[in-house]
Amino acid sequence: MIANKHILKSLPLLAAVLGKKYGINVEIGGKAAFTNGRTITIPSLPSECDSDLLGLVRGYIDHESAHIRHTNFDILKDESITPLEKHIWNTLEDWRVENQLSRIFPGCKQNFNWLIKHLFLSDKDKICSNHLGLNVLNWLLLTVRSWDTPELNARSKKYASIIEEVVPGLTFSLELVLIKVRGSCPDSKACLIYAKEFISILQGITRKSEFKAISKNITSANTGSKTQRSQKEEQSRRNETDQLTRKRLKDLELLLNASEQDLPMDLSSILIKSLKRQPGEIDELIQVAVLGKRGTSAFTQDEIAEVRKATNCMRVKFYSLLQATSLTRSKPARSGRFDYKRLHRALTHNPRLFLADSPTQKINTAVHILLDCSGSMRRRIQLAGQACHAVASALEHVGVNVAVSAFPSVYREGQSHKTIVPVLQHGEQVHHRFKLSASGQTPMGEALWWTLQQMVQLKEGRRIILIITDGKPDSIPTANQALKTGQQLGFEFYGLGILSPEIHSLPLNNSKNINQINELPSAMFEMLQRALTS
């Protein structure tokens, strides 16, 4: 995988790297962020964005990945669970799964700490409402989060002091449960049990027969000595305090019966709101093609024989061309990595006890062919598929990591046309199912972003993408941005246009336009020849 600053700054590539790291599928496109329990979708956003937006995206992917990997959502199927129980469970579960993920991937810890500080310390002037129930939930959230982000301690204590003025001892009782949460919280069910304990404490307070005892009129031995005026003033103050206390305690009762809409947003909802695409931004935003379906079938025996003729004649030629230099530790030297097998040479005072980097000729190239299967390719698609198969077979034989993908997939009503279909994936043995149909539009830019996501993590030092198309991209800005980002990462792009001079307008390393479909096989080979000898 390329360790490059451009990956960290490019949203589509960062999403792909994180998705593969966690074993989660991440898609980019649409207007909102969401997850279906298997795939995380983030909205169309700028390819390169500021550090705050990038941090929010990274935090959202980390957070939802933690839930997909470690949360058992089946426990929420119990219809008796109240919205408040679910909300408190979510506060505890968020903390638990994030820590689980951080144990496996330590780098997540830093991402989560940044996210929590960004979300809960950015509004420093906003502190504590007059709603006791909301103050309790905010105190709970900040206290749990302060375990990993101590900067939140001060805000948590401010909420605690407000709560204690109204219900003395409440935060102490709740903290006894939090001590158990922090000490042992192995799974989602445990979080739900602790959430029910919180609810039980709150219900116990509201059930006390003399709640008003908190603001009960105080009688003392020297009351009679006070003047009538001072007694009235004191009584007035007591009444005001009692009224305020009753109101806040009523808030607590309302909290226990609150609907989901009445409760504060959880962390996922806050992130979704932060990432929501603003109206009017669509032309400036990046979308990545998503996987679709397009039927493929195998060539007949005659067609296979025809393809093999082309493959055999190119095999030797490709082998002489595809030579990428890589360094291997194989040369004895006076310095480098110590070779224990050469230790005996010290007895003869031979100083060559180490292995040094030595250049050797080795095929170290990955090639991805992107085939346009839009509706205008109907009369050309069979020959194009044969040409792709011939090249893929020849490249595989000489050790090149080759893949072929077609765009778009079969269009269906309600389905985005920004789709792509892998015909042959990197690392897969070349097969004969290269017969394709043609339909749909030309989401070339979105297909390029998808291809970059697949190739950016390959081990090969050289990466080449060859585009075969008979039209121009649906979105030229999207295509240009993908090409720009890929070139910054060291990718090479080549284009082969079929009656499509627009191919020359794209910022490719090289491009060629043909006027007859029967020119496709030879032109394709020539294009790869140029690419591999440049």
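Select F105 to begin: this residue is buried, with a relative accessible area of 15%, where buried means under 20% relative accessible area, exposed over 50% and partly exposed in between (1.4 Å probe, protein chains only). The model is predicted, so local features need pLDDT of at least 70 and side-chain atom pairs count only at pLDDT 80 or more, while totals for chains, interfaces and linings use all residues. Residues are numbered from 1 along each chain as its sequence is written, and side-chain values use heavy atoms, with hydrogens and water left out.

Next, turn to the aromatic pairs. Rings of Phe, Tyr and Trp (its six-membered ring) pair if their centres lie within 6.5 Å; planes under 30 degrees apart count as stacked, over 60 as edge-to-face and the rest as tilted. The count by this rule is three aromatic pairs. Y22 belongs to helix α2 (residues 11–22), whereas F105 sits in the loop between α4 (83–104) and α5 (107–120), 83 residues apart. Helices are DSSP runs (H or I, at least four residues), numbered from the N terminus. Y22 is also buried, at 2% relative accessibility.

Now select W95 and W147. Their pair is edge-to-face as well, at 4.9 Å centre to centre and 80° between the planes. W95 lies in helix α4 and W147 in the loop between α6 (132–146) and α7 (153–166), so the pair ties together parts 52 residues apart in sequence. Both tryptophans, W95 and W147, are buried.

Finally, select I179, in helix α8 (residues 170–183). I179 is exposed, at 57% relative accessibility.

How values were computed. Helices (H or I, at least four residues) and strands (E, at least two) are DSSP runs, numbered from the N terminus.
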